[in-house]
Each structure stands twice: as C-alpha cells, then as structure tokens.
Amino acid sequence: MNLRFLPITIFRETPKVTFFDAGLDSSNGCDVVIHSEEAISPPNEFNDEQYYLHNHQTDYNLVVTGKRTFILINPSWDEPHHEIFLNRSMGALEIPIGTYHRSISGEEGSVVLNQPKRDAFFDPAKEFIPQKLDRKNLVKARKSQPVYWFYENNQIKRVCLNPLENKVKAIS
Ligand SMILES: [Fe+2]
C-alpha cells in the first residue's frame, strides 16, 4: 500500500522563520489539532486503543510544528498496518475513507493542520466518534508487522521489517 503525501510549497526559510503555502485545492475544511504536550488522538479508553474512522471525509494531515506519529489500520489493504513518523517536510498525509487512525505526540507536543475533503453526507456528530478495534480482522491487522514511514536525507522513506522484504525504499 503506497500512502500519499501532498507536498507543501515553502516560500522562504531562514533559521528562525519558515513561511509556506499549506493550501490544498481539493480541501473544503481546515481543522487544527493541537497537542500541547504528550497526547494521543483519540485517547485510550482504559487500556483500549481508540481510533477515528471517517465515512465521509478524507484527511490530509500536515504537521505544522513538532512531530506526530500516525497509526493507520485498514484490513482491506495488502499491508494493513502503517506507522508514519510525520514531520512538516513530508507534506500532508492522506488518510483514505474507511481507515482507522490515531496520532501520538511526544512530550514536546505538536500542531497538526488537517485540510480534509468532506462529502455532502458529512455530519460532525457522526464522524468523530472514537472506535475500538473490536473485530477479528481489525485486531489481526493491528498485530501485523507495520510498514514504517519516515523522513531521512530529504526523502520520505518506507521500510517493512518483514524478513522476506527487508528493505528501505525512498519514495520521493
Ligand atoms: Fe481523521
């Protein structure tokens, strides 16, 4: 499964100032999710992980400050489990409809701008209800070996630790 990262356009960057265009043509929403310190969206309920799952919204998550780890679970994918160590340079991570997802910040926190694409049936009362992985195929997907995505040497890289496919691949 190849994830998509939509690039941003940096106009100017100095040691103390970064100025960029974060706009996405296809988006019709603009949401900000601030983790002021160590945090998880959505938070665990007791010991159970919880996830968001959208039916009428594709997410495009851009880290504005800090770093955020995203976990994506989608049993319909050939590789159903992904962990993305997202930073601003990677651009906006696309999270397709039907994908269980959660995000985690370290103790320094992070700010994420999500510019989703919502369809006519989008209802905020239904779209942001935390879900548990309560089906066999979801639990199996969560337990499967993740594909890791990270930024190194100015490139997005993915690595699968499956011993049969142990290689790092540069994406862009
Ligand atoms: Fe989401």
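Predicted model: local features only at pLDDT ≥ 70, side-chain atom pairs only at ≥ 80, totals over all residues.

Student: Why is Asn-153 called exposed?

Tutor: Count its neighbours: Asn-153 has 6 C-beta neighbours inside 10 Å. The cut-off for exposed is 12 or fewer, so Asn-153 counts as exposed.

Student: What is phi in Asn-153, and what is it in Asn-154?

Tutor: Phi is near 50 degrees in Asn-153, a positive value in a residue other than glycine. For Asn-154, also not a glycine, phi is positive too, near 65 degrees.

Student: Where is the cis peptide bond?

Tutor: Go to the bond from Ser-41 to Pro-42: omega is near -15 degrees there, and the bond is cis. Pro-42 belongs to the loop between β5 (39-41) and β6 (57-66).

Student: How do you know that β4 and β11 pair?

Tutor: Pairing takes at least two bridges. Strand β4 (residues 31-35) and strand β11 (residues 110-114) are joined by five bridges and run antiparallel, so by that cut-off they pair. Within β11, Ser-110 has His-35 opposite.

Student: What joins β6 to β11?

Tutor: Five bridges, and these strands run antiparallel. Here Gly-66 stands opposite Ser-110 in β11.

Student: Which residues have the most contacts inside the largest nonpolar core?

Tutor: Those are Phe-5, Leu-86 and Leu-93, in a core of 21 residues. Elements giving two or more residues to this core are β6, β7 (68-73), β8 (81-86), β9 (92-95) and β13. Setting aside neighbours within four places in sequence, Leu-93 is in contact with Leu-3, Phe-5, Asn-61, Phe-70, Ile-84 and Leu-86. As background, nonpolar side chains tend to be buried together in soluble globular proteins.

Student: How many helices and strands does the protein chain have?

Tutor: There are two helices and 15 strands.

Student: Why is the chain called as compact as a globular protein of that length?

Tutor: Set the two values side by side: the radius of gyration is 16 Å, and the globule rule gives 16 Å for 172 residues. The values are close, so the chain is as compact as a globular protein of that length.

Definitions and conventions. Residues numbered from 1 in each chain as written. Helix = DSSP H or I, 4+ residues; strand = E, 2+ residues; numbered from the N terminus. Buried ≥ 20, exposed ≤ 12 C-beta atoms within 10 Å, placed from the backbone. Core = buried A, V, L, I, M, F, W, Y, C linked by C-beta atoms within 7 Å. Contact = placed C-beta atoms within 7 Å. Rg over C-alpha atoms; globule rule 2.2 N^0.38 Å.
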